[in-house]
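Here is a walk through one protein model. Keep the sequence and the 3D view side by side as you read.

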Amino acid sequence: MVELIDLHKSFGEQKVLAGVNLKIPRGRLTFIMGRSGTGKSVLLKHMIGLLRPDRGKILIDGEDVTDYSPAQWQRLRRRFGFLFQEGALFDSMTVAENVAFPLMEHTRLSRREIEKRVEEKLAVVGLLEARDKYPAELSGGMRKRAALARALALEPEIILFDEPTTGLDPILQVSIMKLIRETQRRFGLTGVVVSHDVPIALQAADFIAMLHEGRVVAFGPPKEIRESDHPFVRQFLRSAFEGCLPGEGSHVQEKHGD
Ligand SMILES: Nc1ncnc2c1ncn2[C@@H]1O[C@H](COP(=O)(O)OP(=O)(O)OP(=O)(O)O)[C@@H](O)[C@H]1O
């Protein structure tokens, strides 16, 4: 569905993407992982035309969209939902108004249809009760759920999450990830998650792409990634489990212990 071919991107002297090849499988949840500053968000932004590559191609459903005009991208983007790190809600709007916003901007649905859609999406994320609250009155987890409802409002085929669990306590991290996973399955969405969280990724992902030094150095289901013999992948997984109590994560440490 989304295919990146030999994608290159530099900012001035800084080379960020150095030949990324990645096929995002349709209807599955793919995690993009890698160290901080390695270009995961930059990669995500190429998928929705917010950045243009210096070289390489972006295919969506087999169509080359690399040189789409801003107007073409804008139309295409209606098929995407986003939940960005800074994906702030509008503070001056209630939860329901926030979810309604993209519908008012991008559709010709009637007021009643919009209200119905907003209710549906708030029900999916368990926030119906908070519909008239303002973002400042919500906890961090509720804000993420509201942002998820907003991302779902346009009923996208593809949904992109940039660090959806950052800033939440470990229990909320798991519950948000579960919600993302359930929603993705329920609607058969193509999901892309950028995350640092190895245990969550190993549990929730259908596929994991490991980005390192500007390239995807490993791609596969969690089991394959776990068994990868790529030195960076091994180091990345091992670091995630360092500090665990003996026994926890030891399968990774045993396998990659050196
Ligand atoms: N618009 C831009 N202009 C200049 N440099 C940029 C721009 N966007 C990103 N960069 C640089 O590209 C590099 C990769 O950034 P990116 O945000 O993609 O990293 P990341 O892997 O998502 O990091 P993190 O995990 O910390 O969020 C960084 O060094 C960043 O400063």
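Helices (H or I, at least four residues) and strands (E, at least two) are DSSP runs, numbered from the N terminus. Residues are numbered from 1 along each chain as its sequence is written. The model is predicted: local features need pLDDT of at least 70, side-chain atom pairs count only at pLDDT 80 or more, and totals for chains, interfaces and linings use all residues.

Start at Val95, which lies in helix H3 (residues 95-106). Is Val95 buried or exposed? A residue counts as buried if 20 or more other C-beta atoms lie within 10 Å of its own, as exposed if 12 or fewer do, and as partly exposed in between; C-beta atoms are placed from the backbone. Val95 is buried, because 29 other C-beta atoms lie within 10 Å.

Next, the partners. Two residues are in contact if their C-beta atoms, placed from the backbone, lie within 7 Å. Leaving aside neighbours within four places in sequence, Val95 contacts Leu122, Leu127, Ala130, Arg131, Lys133 and Ala146. Val118 is 23 residues from Val95 in sequence, and 9.4 Å from Val95 in space, C-alpha to C-alpha.

Now zoom out. The protein divides into domain 1 (2-35 + 52-226) and domain 2 (227-258), with bounds from an automatic or database domain assignment. Their centres, taken over C-alpha atoms, are 28 Å apart.

Where do the domains meet? In domain 1, 10 residues are in contact with 9 residues of domain 2. Helix H7 (198-204), strand E9 (207-212), strand E10 (215-220) and helix H8 (222-226) each supply at least two residues of that side of domain 1. H8 gives the most, with 4 residues.
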